[in-house]
Amino acid sequence: MAEKAIIGKMAVYETLTMVVPGVMIVFCVWLTDPEMWSKNLWCPEIPTKLNYLFDTAIVFVLFAFSYVAGSMNYRLVDWFWWKIGLRNNICMIRGSLRDKIESGFFKNLQDVIVEKSVESMSDEQIEDIYYEAYTYALKKNRRSNIPYLENQVAMFKGLIFPMSWVIVSLNPESLGGFKWVAAIVVVIVLIGLAITRQKKIINLVLEDYEYEKRIEKQSNEKK
């Protein structure tokens with residue numbers, strides 16, 4: 001039951017990650033010509049008693065468009081995130097792994113190090129260690145923080161383009177001549193939030209790997 005509840009919550013979060021930015025994108029498209037869109041979405045010839053059916057259909061159509069727009073937006077941002085080297089950034093992983101090893105507390109992480117130091121390891125070796133730790137930590141899933149944090153990162157990344165577009169689309173009088181500055185600030189803040197959450201995920205993956213390995217060893221010793 002607990003697993004089903006977690007899966008259900010994750011499905012909701014994933015849907016929101018696509019729909020919220022998608023709604024903002026659809027809103028910005030509507031702002032390009034509100035009068036034209038209003039005319040196309042208004043059907044006065046429909047009988048009054050059927051208006052609620054038409055309104056319901058419009059809601060579902062807009063939801064579908066929002067989800068598709070949000071999904072396309074996220075795929076584009078995720079591709080760009082990967083292109084500039086921010087997704088599973090090796091430097092962040094290397095730094096976190098080095099800090100854990102140097103603390104002397106993470107013995108199980110030390111066991112997977114095949115070289116004299118983290119700094120002397122190749123990017124491929126660092127990446128392999130991280131994916132091993134990630135897979136193991138997620139498989140045990142004693143703490144569900146990692147998937148939630150991943151959805152936060154996805155939301156922050158997905159909002160970068162829609163939020164900046166909304167600000168730029170505002171009436172010039174709303175922000176004076178500073179709407180482009182405001183848009184740039186929003187982009188910087190969202191990127192910063194995404195990176196800090198991503199850093200937290202890396203730390204949690206390594207910590208969960210260490211603790212789960214320790215629990216597994218203690219359990220085997222008791223047997």
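Q: Leaving aside its neighbours within four places in sequence, which residues is Gln198 in contact with?
A: Let's start inside this predicted model. Gln198 lies in helix α9 and is buried, with a relative accessible area of 8%. Setting aside neighbours within four places in sequence, its contacts are Trp81, Leu86, Arg87, Asn88, Asn89, Met92 and Val153.

Q: Is Trp180 buried or exposed?
A: Trp180 also belongs to a helix, α9, which covers residues 179–222. Exposed means over 50% relative accessible area. Because Trp180 has 55% relative accessibility, the word for Trp180 is exposed.

Q: How many residues apart are Asp78 and Lys157, whose side chains meet in a salt bridge?
A: Their salt bridge has an N to O distance of 2.9 Å.
A: Glu207 is partly exposed, with a relative accessible area of 21%. Its partner is buried, at 11%, and the closest N and O atoms of the pair are 2.8 Å apart. The partner lies in helix α4 while Glu207 lies in helix α9, so the pair ties together parts that are 107 residues apart in sequence. That partner is Lys100.

Q: Which residues form a negative surface patch?
A: One member, Glu127, is found in helix α6 (residues 123–140). Glu127 counts as partly exposed, because its relative accessibility is 31%. A patch residue needs over 30%. The patch is formed by Glu124, Glu127, Asp128 and Glu132.

Note on methods. Residues numbered from 1 in each chain as written. Predicted model: local features only at pLDDT ≥ 70, side-chain atom pairs only at ≥ 80, totals over all residues. Heavy atoms only, no water. Patch = residues over 30% accessible without salt bridge, like charges linked within 9 Å, V, L, I, M, F, W, Y side chains within 5 Å. Areas by Shrake-Rupley, 256 points an atom, 1.4 Å probe, with all protein chains shown as cover. Salt bridge = Lys/Arg side-chain N within 4 Å of Asp/Glu carboxyl O. Lys, Arg positive; Asp, Glu negative; His and termini not counted. Charge placed at Lys NZ, Arg CZ, Asp CG, Glu CD. Helix = DSSP H or I, 4+ residues; strand = E, 2+ residues; numbered from the N terminus. Buried < 20%, exposed > 50% of the residue type's maximum accessible area, 1.4 Å probe, protein only. Contact = heavy atoms within 4.5 Å.
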